[in-house]
Every structure is written in C-alpha cells, then in structure tokens.
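Student: Could you take me through a close look at a single part of this model, and then show me how the rest is laid out? I'd enjoy one connected account, with the cut-offs spelled out as you go.

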Amino acid sequence: MEYTRDPETGDYICPFISCTFRSGKSNQSTMYYHMQKHINSIYPFKCKYCSFGCINQKQLDIHMQNRHKDIVKTIEEKHKYFLKCPFEDCTFQGTKGNCIIHINRIHFSSTCDEMLIGKSTCNVCEKEFKSKSAFYYHAFDCMEFDDKLQVILGDLL
Ligand SMILES: [Zn+2]
Ligand SMILES: [Zn+2]
Ligand SMILES: [Zn+2]
Ligand SMILES: [Zn+2]
C-alpha cells in the first residue's frame with residue numbers, strides 16, 4: 001500500500017481508512033515507519049527471510065515452501081540432525097554424540113565419576129579410552145537405566 005500526498009502542502013498522508021496520521025513533506029521516513037506499524041498489525045506473521053507478511057501461520061508455511069524451499073530443507077535437515085537434551089529445563093542441543101557426552105558429563109556426572117578409573121578407563125568393562133569425552137560417549141553402554149530413564153533418553157540409547 002502506498003501513502004498519498006496532500007497536493008497542496010506536499011505532506012504525506014496515511015492511506016489507512018480511519019487513520020488521520022500525516023507527516024510533513026520532509027518526513028517520508030516517519031511515514032514509512034508509521035505504515036510499517038499498520039502493516040505489522042494487519043500481517044503479524046512475518047517471513048524471516050524477506051519482506052513478506054501475512055495473517056496466519058498457514059500462509060507463512062505456504063510462502064516458505066514456495067519461496068524459500070532451500071531454507072526449509074536446510075532447517076528440516078538440521079532438526080533431524082540435532083537433538084535436544086531430553087532433561088527438563090536443559091536447553092542443550094547437539095548431534096546425537098554431543099548429546100550423549102553432554103548428558104553423561106552434566107546430568108550423570110556422579111554416576112560417571114563412580115564408573116571412572118583414573119583419567120579415562122571404564123570401571124565396568126575395563127576399557128581404556130583416549131580421552132574423557134570418549135569415555136563419556138561410551139558410558140551409556142555400561143550404564144543401567146530404569147524404565148523411566150529409558151523413556152526419557154529414548155532415541156539416544
Ligand atoms: Zn496510519
Ligand atoms: Zn519470504
Ligand atoms: Zn542437558
Ligand atoms: Zn564400559
């Protein structure tokens with residue numbers, strides 16, 4: 001939608017019916033931002049990747065599919081690839097491997113301490129690992145989980 005101008009004074013006039021806003025002829029940018037406000041309130045769903053706006057999520061999804069197919073694909077791939085830490089209140093995200101290491105290091109740290117001999121040897125299977133991270137990655141294999149934890153950990157096991 002374009003704003004109109006007062007033919008006599010050159011002022012910019014807001015084209016929205018029932019709005020009486022106008023800005024002086026040297027204040028085109030003020031008018032521009034004022035218009036954006038109207039547009040944002042009519043089209044609250046904004047595309048992150050271009051200036052497109054619409055009235056609901058469905059329209060936005062359709063727009064994303066039509067205009068930004070590649071981005072949609074990349075986002076989907078990422079979601080597939082990245083897992084969220086399944087523990088409540090934890091915001092960690094990473095690959096499956098990163099998640100396992102994170103969970104053992106942060107959420108099961110005391111269990112892991114008990115499982116560790118020296119720097120990086122597993123107490124249970126007596127395998128020695130190159131690094132503590134490698135041990136953390138392994139630790140799930142030698143841990144026992146009750147039913148509740150098995151449900152929480154789900155895909156990670
Ligand atoms: Zn207005
Ligand atoms: Zn867009
Ligand atoms: Zn976590
Ligand atoms: Zn082990």
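**The sheet, and what lies beyond**

Tutor: Let's begin with one residue pair: Arg 5 stands opposite Tyr 12, which belongs to E2. Before going further, note that this is a predicted model, in which local features need pLDDT of at least 70 and side-chain atom pairs count only at pLDDT 80 or more, while totals for chains, interfaces and linings use all residues. Residues are numbered from 1 along each chain as its sequence is written, with chains lettered from A and ligands numbered from 1 in the order in which they are written.

Back to the pair. E1 and E2 (residues 12–13) are joined by two bridges, in the antiparallel sense; strands pair if DSSP finds at least two bridges between them. Helices (H or I, at least four residues) and strands (E, at least two) are DSSP runs numbered from the N terminus. The sheet itself is open, with three strands in the order E1-E2-E3 and antiparallel pairing. E1 (4–5) and E3 (22–23) stand at its edges with a single partner strand each, so one side of each has no neighbour in the sheet.

Now let's step back to the whole chain. The protein has seven helices and nine strands. Its radius of gyration (over C-alpha atoms) is 28 Å, well over the 15 Å that the globule rule (2.2 Å times the number of residues to the power 0.38) gives for 157 residues, so the protein is more spread out than a compact globule. Along the principal axes, the C-alpha atoms fill a box of roughly 90 × 30 × 25 Å. Domain 1 covers 1–42 and domain 2 covers 82–156, with bounds from an automatic or database domain assignment. The C-alpha centres of these two domains lie 59 Å apart.

Two overall figures go with this picture. Buried residues make up 9% of the 157. A residue is buried if 20 or more other C-beta atoms (placed from the backbone) lie within 10 Å of its own, exposed if 12 or fewer, and partly exposed in between. Of the contacts with a separation of 6 or more, 20% join residues 24 or more positions apart; a contact means C-beta atoms, placed from the backbone, within 7 Å.

Let's turn to helix H6 (residues 132–139). Its buried residues are Phe 135, Tyr 136, His 138 and Ala 139. Down the helix axis they fall within an arc of 165° (from the directions from axis to C-beta atoms), so they line one face of H6. These residues pack against H4 (96–107), H5 (109–115), strand E8 (116–117) and strand E9 (121–122).

The largest nonpolar core has 10 residues, among them Phe 135, Tyr 136 and Ala 139 of the list above, along with Leu 83, Ile 101 and Met 115. Such a core is a set of buried Ala, Val, Leu, Ile, Met, Phe, Trp, Tyr and Cys residues joined through C-beta atoms within 7 Å. H4, H5 and H6 each supply at least two of its residues, and H4 gives the most, with four.

Ile 100, one of the core residues, is in contact with Tyr 137, Phe 140 and Leu 156 once neighbours within four places in sequence are left aside. Phe 140 sits in the loop between H6 and helix H7 (147–153), and with 16 C-beta neighbours inside 10 Å it counts as partly exposed. Apart from residues up to four places away, Phe 140 touches Ile 100, Asn 104 and Leu 157.

Most residues other than glycine have a negative phi. Asp 89, however, has a positive phi near 70°; it lies in the loop between E6 (83–84) and E7 (93–94) and is exposed, with 5 other C-beta atoms within 10 Å. Glu 126 also has a positive phi, near 60°, in the loop between E9 and H6, where 9 C-beta neighbours inside 10 Å make it exposed.

Finally, helix H2 (residues 57–67) holds Met 64, which is partly exposed with 17 C-beta neighbours inside 10 Å. Leu 60, also in H2, is partly exposed with 19. Leu 60 touches Phe 45, Cys 47 and Cys 54, not counting residues up to four places away, while the C-alpha atoms of Leu 60 and Asn 104 are 39 Å apart.

Key: Two residues are in contact if their C-beta atoms, placed from the backbone, lie within 7 Å.
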